[in-house]
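Please keep the sequence and the coordinates at hand while reading.

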Amino acid sequence: SAAFLLAARLRSVVSSEDIQLIRQASKLAQDDHNESEGRDYIQNRTFGVGKNVTVGHTVTYMQDHINLMDNALLDRLLGLAPSLEEEGGWLHADSLKVRCIEVIRYEGGEEAEQNIGWHTDGATLLTIAAMLSEKASYKGGRTNLRSEDGTRFEQYELDAGDAIAWRGWTDHQVEAVTAGRREVLVIEVWAGNDVRDSARPRDADNPEALREAVKVDPTSAQVHRLLGRSLCKSLPCSSPEIAEEAEMAFREALRLQPEHARVHLSFAMFLVGSYRFFTASVSHFHASCILDPDRRFSDYYCSPWSLYLACWNWARLKFARAGSLNLDIEEQHNPTEYFEDLVEQVKRAVLVIIMLAVLMPLVFYLEKKDRAAAQAKKVA
């Protein structure tokens, strides 16, 4: 995995005529948008992992409109995949399906400097981004990628017609656009359902698709971590067999990247959510904090007390609604209902009060004992 490029770029491979066709198809999708009638083609998204400022962006889903102007347009764009895979030195995967087709728009200015925070595309085997905007029409908006161990970093500035690609499990972000407008067409391909046959604009990760991703890149700790998370999105796991497979995926991720903070965090949440190995879960929580004290790789914030951390997360897992648990920000595009959030926060607050009621007398007792011992030593 480390021998490969994080991203591959081809310059001037999308013609100005195809860029115009993409813009026209995007305009058709925007005109056809009607959420109340189920034609939901436009979304304002905000997501990212870790302490990175995330303002968001606007996405137009194109699965129903991409070929309306030219029925060969999508095939021409997908035809870039083999060249990009060769450029990146990646294993070519056959029989790929289109996971999503999006035009993403970033606006810059005084009111907002739109961006995307650090995230992955999960089970996507190849993400292709084709730049639609001239470089002179916006400022900022560079595409950044980083390796799993945090030691490699690649940065790209694209001009209209350039295409860039990466494997879905590679961490990436788009820096804030400070002026102008940046538009890019993004196509993800994977081993799951084709978006043109689906009722959703982008299907969520699933174990079957992630198992295919493991075959493509078995040396990626990120892929194994994502597989473990996908197997048990709702904790505890649905069966002992599923739990065993998930644990093996997490342990393989730790073997491949023992200093990967997010792997430690995901495994800790898996253990404590499965009501077992409480001591080990605290150890992995603690390791995630030590390895990533600035929370660059996680949306999870540390506290001095690992016990408090573990209990807090145990409460969050225990009170989570069935099927709602996702351990990564990149999957959390839809906010929960306000009332349900409020109830969960009240439950957490009650648990914290109980914990403090038990722990604080112990702390005071130990402090009193230490003072008494120190006083006795002075007298002696």
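**Confidence, cores and helix packing**

The chain has an average pLDDT of 81, and 74% of the residues score at least 70; pLDDT is the predictor's confidence in each residue, on a scale from 0 to 100. This is a predicted model, in which local features need pLDDT of at least 70, side-chain atom pairs count only at pLDDT 80 or more, and totals for chains, interfaces and linings use all residues. Residues are numbered from 1 along each chain as its sequence is written, and side-chain values use heavy atoms, with hydrogens and water left out. Over residues 317–339, pLDDT stays under 50. For that stretch the model has 44 contacts beyond four places in sequence, a contact being heavy atoms within 4.5 Å.

The chain contains ten helices and twelve strands. These elements are DSSP runs numbered from the N terminus, with helices (H or I) of at least four residues and strands (E) of at least two. Of the 380 residues in the chain, 50% are buried; buried means under 20% relative accessible area, exposed over 50%, and partly exposed in between, with a 1.4 Å probe and protein chains only. Among contacts between residues at least 6 apart in sequence, 77% join residues at least 24 apart.

In soluble globular proteins, nonpolar side chains tend to be buried together. A nonpolar core is here a set of buried Ala, Val, Leu, Ile, Met, Phe, Trp, Tyr and Cys residues joined through side-chain atoms within 4.5 Å. The largest such core has 52 residues, and Ile-101, Leu-185 and Ile-187 have the most contacts inside it. Strand E12 (residues 177–190) supplies the largest share of this core, six residues. A second, separate core of 27 residues includes Leu-231, Phe-250, Phe-267 and Phe-270. Beyond its neighbours within four places in sequence, Ile-101 is in contact with residues including Tyr-61, Met-62, Leu-74, Leu-185, Ile-187 and Val-195.

The axes of helix H4 (residues 207–216) and H5 come within 9 Å and cross at roughly 165 degrees; axes are lines fitted to C-alpha atoms, for helices over the stretch in contact, and angles run from 0 to 180 degrees between N-to-C directions. H4 is therefore roughly antiparallel to H5, a label for angles over 145 degrees, whereas those under 35 count as roughly parallel, 65 to 115 as roughly perpendicular and the rest as oblique. Residues making the contact include Leu-210 and Val-214 of H4 and Leu-227 and Leu-231 of H5. Helix H5 (residues 221–231) in turn packs against helix H6 (residues 240–256) at an angle of about 160 degrees, with the axes 8 Å apart. H5 is thus roughly antiparallel to H6. Leu-227 and Leu-231 of H5 are among the residues in this contact, as are Ala-249 and Phe-250 of H6.

Gln-222 also lies in helix H5. This glutamine is buried, with a relative accessible area of 1%. Leaving aside neighbours within four places in sequence, Gln-222 is in contact with Thr-120, Glu-148, Trp-169, Asp-171, His-260 and Arg-262. Thr-120 belongs to the loop between strand E5 (116–119) and strand E6 (126–131), and is buried at a relative accessible area of 3%.

Ser-12 is found in the loop between strand E1 (8–10) and helix H1 (16–32). Ser-12 counts as exposed, at 61% relative accessibility, and has a positive phi of about 55 degrees although it is not a glycine.
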